[in-house]
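Please read the report below alongside the sequence and the structure. It goes from the whole chain to single residues.

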Amino acid sequence: ERVLGSLIVLYVLYSLAELKLPEITAQWQTIATGLFAGVMVGAFNIGGPWIAIYGQCRKWKPERFASNMNTYQTPTCMFALSIHVFRGALYNKALWWYITLAVPGMLLGARIGDYTSKRINIIRFSEFRWGPITLRS
């Protein structure tokens, strides 16, 4: 987990220094990013940051970014949950407690994100997002 947090903090520092990420144009880069994100989901249940970096490297517009993140996160979370259940966590009270908290949080977060995305300046959002990402790491 320290490695994961360190990678995310390094990315935040890289972005705050206003360095440009390389543009991803080749198919192998897309595959490599997907594989890396998959490994991170398997190891830490966290694949979103790597897909977010991929989106920046592909120069996604905010609308496409939000759409792609939702399309990526939902099946990934369902797959991770099915792995936990398959490995015997079906009767694990802690897992179901986290799910009970996470699902309403995700739905609320999606609503708040949709609401604020129509009202916030993209440049201000880019500046604001690093605080929560860094704190989470």
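Among contacts in the protein (heavy atoms within 4.5 Å) between residues at least 6 apart in sequence, 59% join residues at least 24 apart. The model is a predicted one, in which local features need pLDDT of at least 70 and side-chain atom pairs count only at pLDDT 80 or more, while totals for chains, interfaces and linings use all residues. Residues are numbered from 1 along each chain as its sequence is written, and side-chain values use heavy atoms, with hydrogens and water left out.

**Overall build**

The protein has seven helices and zero strands, and its pattern along the sequence reads α-α-α-α-α-α-α. Helices (H or I, at least four residues) and strands (E, at least two) are DSSP runs, numbered from the N terminus. Of the 137 residues in the protein, 21% are buried. Here buried means under 20% relative accessible area, exposed means over 50%, and partly exposed lies in between (1.4 Å probe, protein chains only). The protein exposes about 10500 Å², and carbon and sulfur atoms supply 67% of that area. Accessible areas come from the Shrake-Rupley method with a 1.4 Å probe; for residues, only the protein chains shown count as cover.

**The nonpolar core**

In soluble globular proteins, nonpolar side chains tend to be buried together. A nonpolar core is a set of buried Ala, Val, Leu, Ile, Met, Phe, Trp, Tyr and Cys residues joined through side-chain atoms within 4.5 Å. Which residues touch the most other members of the largest nonpolar core? They are Leu-4, Trp-50 and Ile-53, in a core of 19 residues. Helices α1, α2 (27-44), α3 and α4 each supply at least two residues of this core. The largest share, five residues, comes from α3.

Helix α3 is largely enclosed by the rest of the structure, because seven of its 10 residues are buried. Those buried residues are Gly-48, Trp-50, Ile-51, Ile-53, Tyr-54, Gly-55 and Cys-57. Their cover includes α1, α2 and α4.

**Residues around the core**

Leu-4 lies in helix α1 and is buried, with a relative accessible area of 7%. Not counting residues up to four places away in sequence, Leu-4 touches Met-40, Phe-44, Ile-46 and Trp-50. One of these, Phe-44, is 40 residues from Leu-4 in sequence, yet their C-alpha atoms are 8.1 Å apart in space. The C-alpha atoms of Leu-4 and Ala-43, which are 39 residues apart along the chain, are separated by 9.8 Å. Phe-44 belongs to helix α2 and is partly exposed, at a relative accessible area of 25%.

Thr-33 is also placed in helix α2. Is Thr-33 buried or exposed? At 16% relative accessibility, Thr-33 counts as buried. Leaving out residues up to four places away in sequence, Thr-33 touches Ile-24, Trp-50 and Tyr-54.

The relative accessible areas of four residues are listed here.

| Residue | Relative accessible area |
|---|---|
| Leu-4 | 7% |
| Phe-44 | 25% |
| Lys-59 | 48% |
| Leu-10 | 56% |

A search of the whole structure finds one aromatic pair. The rings of Tyr-54 and Trp-60 have centres 5.6 Å apart and planes at 80°, so the pair is edge-to-face. Rings of Phe, Tyr and Trp (its six-membered ring) pair if their centres lie within 6.5 Å; planes under 30 degrees apart count as stacked, over 60 as edge-to-face and the rest as tilted. Both Tyr-54 and Trp-60 are buried.

Lys-59 sits in the loop between α3 (48-57) and α4 (62-86). Its phi is near 60°, a positive value in a residue other than glycine. Lys-59 is partly exposed, with a relative accessible area of 48%.

Val-3, Leu-7, Leu-10, Leu-13, Leu-16 and Phe-36 make a nonpolar surface patch of about 570 Å². Patches are made of residues with over 30% relative accessible area and no salt bridge, with like charges joined within 9 Å and nonpolar side chains (Val, Leu, Ile, Met, Phe, Trp, Tyr) within 5 Å. A salt bridge is a side-chain nitrogen of Lys or Arg within 4 Å of a carboxyl oxygen of Asp or Glu. Helix α1 (residues 2-16) gives the largest share of the patch, five residues. Leu-10 lies in this helix and is exposed, with a relative accessible area of 56%.
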